[in-house]
Amino acid sequence: MRIVTLSKIKNEADMIESFVRYHGEIVDEMFFVENGSTDGTLEILYALREEGYSLTIFDEREAVFDELKFINKYAGIILREDEVDWLVPIDADEFLYADGRNPREELELWNPDVVYMANWRTYLCDRNARERGGFVPDRFEVYREERCKEFTKVILPGRLWLKQKMMISRGNHQIVGIDVQTERTETIMFAHYPIRSGEQ
């Protein structure tokens, strides 16, 4: 089974190492669409790739940012050129979570003819988050429960994408423009960390 992530990135230096090291235990390869980082994000990714993490970086530094275009363009490239069972469109400030288990165990059991919708839980920065330091998810304890109930993010089966020619919505929250079978999963969620410091 081959599972990959696809992320758009720009100035993610405070998150990207945690993101790569964490998801490196879950997926086979991580794909990034780089849109002009100036804070050292690319240098961190290159160093992690030298360590052995399977990372592919698409260069869109000169392009006007267009999330919808980037995600769908590169999802198509990845799925047409590589044999992928599951594609996880995920932002660099999000982490797949499966209640203490490796999410891969769950993904390997899923129906490849269904688009899965996973809950999206937003964690909040408190005054002690920076002092905790280290791995990003370990710094946060408080989350917005209503966000988890209201929003989901998609996880896509590769073969169904190729057959149905789907389009991912802005924010990766749903599939648009085509009628496909979807199922909401309670076993995997996206943990979202949009603000990591008071200054930010």
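Colleague: At roughly what angle do the axes of α1 and α2 cross?
Modeller: In this predicted model, the axes of α1 and α2 come within 10 Å of each other. Their crossing angle is roughly 30 degrees.

Colleague: Are α1 and α2 roughly parallel or roughly antiparallel to each other?
Modeller: The axes cross at roughly 30 degrees. Angles under 35 degrees count as roughly parallel. The two helices, α1 and α2, are therefore roughly parallel.

Colleague: Is the crossing of α1 and α2 left-handed or right-handed, and which residues of α2 make the contact?
Modeller: The crossing of α1 and α2 is right-handed. From α1, the contact uses Ile-16, Glu-17, Val-20 and Arg-21. By class, the contact of α1 with α2 has 5 nonpolar, 1 polar and 3 charged residues. The α2 side consists of Thr-41, Ile-44, Leu-45, Leu-48 and Glu-51.

Colleague: Which residues of α1 are buried, and what covers them?
Modeller: Buried in α1 are Ile-16, Ser-18, Phe-19, Val-20 and His-23. The cover over the buried residues of α1 includes β1, β2, α2, β3 and β5.

Colleague: Which element gives the largest share of the largest nonpolar core?
Modeller: The largest nonpolar core has 33 residues, and those with the most contacts inside it are Val-20, Phe-32 and Ile-155. Elements that give two or more residues to this core include α1, β2, α2 and β6. The largest share, 4 residues, comes from β6.

Colleague: Which residues does Phe-32 touch, not counting residues up to four places away in sequence?
Modeller: Phe-32 is among the residues with the most contacts inside the largest nonpolar core. With residues up to four places away in sequence not counted, Phe-32 touches Ser-7, Ile-9, Ile-16, Phe-19, Val-20, Leu-45, Leu-55, Thr-56, Ile-57 and Phe-58.

Colleague: Is Thr-152 buried or exposed?
Modeller: Thr-152 lies in strand β8. Leaving aside neighbours within four places in sequence, Thr-152 is in contact with residues including Met-117, Trp-120, His-173 and Arg-184. Buried means under 20% relative accessible area. At 12% relative accessibility, Thr-152 therefore counts as buried.

Colleague: How far apart in space are Asp-66 and Arg-170, C-alpha to C-alpha?
Modeller: Asp-66 lies in the loop between β3 and α3, and is partly exposed, with a relative accessible area of 29%. In sequence, Asp-66 and Arg-170 are 104 residues apart. In space, their C-alpha to C-alpha distance is 9.4 Å.

Notes: Residues are numbered from 1 along each chain as its sequence is written. This is a predicted model: local features need pLDDT of at least 70, side-chain atom pairs count only at pLDDT 80 or more; totals for chains, interfaces and linings use all residues. Side-chain values use heavy atoms; hydrogens and water are left out. A nonpolar core is a set of buried Ala, Val, Leu, Ile, Met, Phe, Trp, Tyr and Cys residues joined through side-chain atoms within 4.5 Å. Buried means under 20% relative accessible area, exposed over 50%, partly exposed in between (1.4 Å probe, protein chains only). Contact means heavy atoms within 4.5 Å. Axes are lines fitted to C-alpha atoms, for helices over the stretch in contact, and angles run from 0 to 180 degrees between N-to-C directions. Angles under 35 degrees count as roughly parallel, over 145 as roughly antiparallel, 65 to 115 as roughly perpendicular and the rest as oblique. A crossing is left-handed if the near helix is turned anticlockwise from the far one by less than a right angle, and right-handed if clockwise. Ala, Val, Leu, Ile, Met, Phe, Trp, Tyr, Cys and Pro count as nonpolar, Asp, Glu, Lys and Arg as charged, and the others, Gly among them, as polar.
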